[in-house]
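Q: Hi! Could you walk me through this model while I have it open on my screen?

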Amino acid sequence: MTAVQTAGAVVAEAAGEIGRAAAEDAMDPYRDKPDIDPDDWMFLLANPWNEIGDYTPELTTLERQQFDVRIADDMEAFVQAARAEGLSVLLSSGYRSYAEQTYLFNRKVAEYGEAVAQTIVARPGTSEHQTGLCCDITDRYYEMKDRSLEETELYQWMSEHCQEYGFIVRFPDGKEDVTGIIYEPWHFRYVGREAATYIMEHDLTLEEFLELYNE
């Protein structure tokens, strides 16, 4: 075989590999998912279909809010990075106990009825706040928790950079049927940097991400 023929064969083989990879990607667009253990602590799933009972993590306090001690350093780094951009960050709600969640849920039931209340506040034992792995984050001068928060510079920066610190936008717009919770542009959840990057890049919810590992 001549040098030209050899080079041609190499090119053809490389093209074949690229074609096969493209075909595999088309069949399974998530084949490059990160090598994680879905049973690891940082993927603890609390939602309307997954109860965690009276689970209580080891807690620490940061800016008057409590968190699972294992995410405190990354939470602080996330907040300080936002402040370095001139943003007025307020940590408005971190860990909530089962008892506190019961009070909040019952209050919403009294105000809106149970059917509506459970789309706004999680039932006791199904709240992600009880995991200690998340936080509601708002602008200190714009503390409203509604859709309009997405227009703030704080949300726009945090939603773009959250994965760099291991966090995701937990309840994105249009995924209410998947998460069971309304769109919350203030709620950030810790899953670690590798998973967070993948989730945000692929526009997934935590539920959809974990489902990739049940196949």
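Predicted model: local features only at pLDDT ≥ 70, side-chain atom pairs only at ≥ 80, totals over all residues.

Q: Thanks. How many helices and strands does the protein chain have?

A: The protein chain has 8 helices and 6 strands. From the N terminus on, the elements run α-β-β-α-β-α-α-β-α-β-α-β-α-α.

Q: How many bridges join E3 and E4?

A: There are 4 bridges, in the antiparallel sense, with E4 covering residues 134-139. Within that pairing, Leu-91 has Ile-137 in E4 as its bridge partner.

Q: What about E1 and E2, how do they pair?

A: E1 (residues 59-62) and E2 (residues 65-68) pair in the antiparallel sense over 4 bridges. Thr-61 stands opposite Gln-66 in E2. The two strands form a hairpin with 2 residues between them, and Glu-63 in the turn has a positive phi of about 50°.

Q: Switching to aromatics. How many aromatic pairs are there?

A: The count comes to 10 aromatic pairs. One of them is Phe-78 with Phe-167, a stacked pair at 5.3 Å centre to centre with 20° between the planes. This pair links distant parts of the chain, with Phe-78 in helix H2 (residues 72-84) and Phe-167 in strand E5 (residues 167-171), 89 residues apart.

Q: Is Phe-78 buried or exposed?

A: Phe-78 counts as buried because its relative accessibility is 0%. Phe-167 counts as buried too, at 0% relative accessibility.

Q: Then why is the pair of Phe-78 and Phe-188 edge-to-face?

A: Because their planes are at 75°, and planes over 60 degrees apart count as edge-to-face. The ring centres of Phe-78 and Phe-188 are 5.8 Å apart. This pair also links distant parts of the chain: Phe-78 is in H2 and Phe-188 is in E6 (residues 184-190), 110 residues apart. Phe-188 is buried, with a relative accessible area of 1%.

Q: Which residues do ring pairs link into a cluster?

A: The cluster holds Trp-41, Phe-78, Tyr-155, Trp-157, Tyr-165, Phe-167, Phe-188 and Tyr-190.

Q: And which ring does Arg-70 lie over?

A: Arg-70 lies over the face of Trp-41, at 4.2 Å from the ring centre. There is also Lys-33, which lies over the face of Tyr-213 at 5.6 Å from the ring centre.

Q: Nice. Which residues have the most contacts inside the largest nonpolar core?

A: Those are Ile-137 and Phe-209, in a core of 41 residues. At least two core residues come from each of H2, E3, E4, H5, E5, E6, H7 and H8 (206-211). H2 gives the most, with 5 residues.

Q: What does Phe-209 touch?

A: Not counting residues up to four places away in sequence, Phe-209 touches Pro-34, Ile-36, Phe-43, Ala-195, Tyr-198, Ile-199 and Leu-204.

Q: Which residues are buried in H5?

A: In H5 (residues 153-161), the buried ones are Leu-154, Tyr-155, Trp-157, Met-158, Ser-159 and His-161. The buried residues of H5 pack against H2, E3, E4, E5, E6 and helix H7 (193-201).

Q: One more spot: where is Gly-166?

A: Gly-166 is in the loop between H5 and E5. Gly-166 counts as buried, because its relative accessibility is 0%. From C-alpha to C-alpha, Gly-166 and Val-191 are 5.7 Å apart in space, although 25 residues separate them in sequence. Leaving aside neighbours within four places in sequence, the contacts of Gly-166 are Arg-189, Tyr-190, Val-191, Gly-192, Arg-193 and Ala-196.

Q: Last one, for the whole protein chain: what percentage of the residues is buried?

A: Buried residues make up 44% of the 215 residues. As for contacts with a separation of 6 or more, 69% are between residues 24 or more positions apart.

Technical notes
Residues numbered from 1 in each chain as written. Heavy atoms only, no water. Phe/Tyr/Trp six-rings, centres within 6.5 Å; stacked < 30°, edge-to-face > 60°. Buried < 20%, exposed > 50% of the residue type's maximum accessible area, 1.4 Å probe, protein only. Lys NZ or Arg CZ within 6 Å of the ring centre and 35° of its normal. Pairing = 2+ DSSP bridges. Contact = heavy atoms within 4.5 Å. Core = buried A, V, L, I, M, F, W, Y, C linked by side-chain atoms within 4.5 Å.
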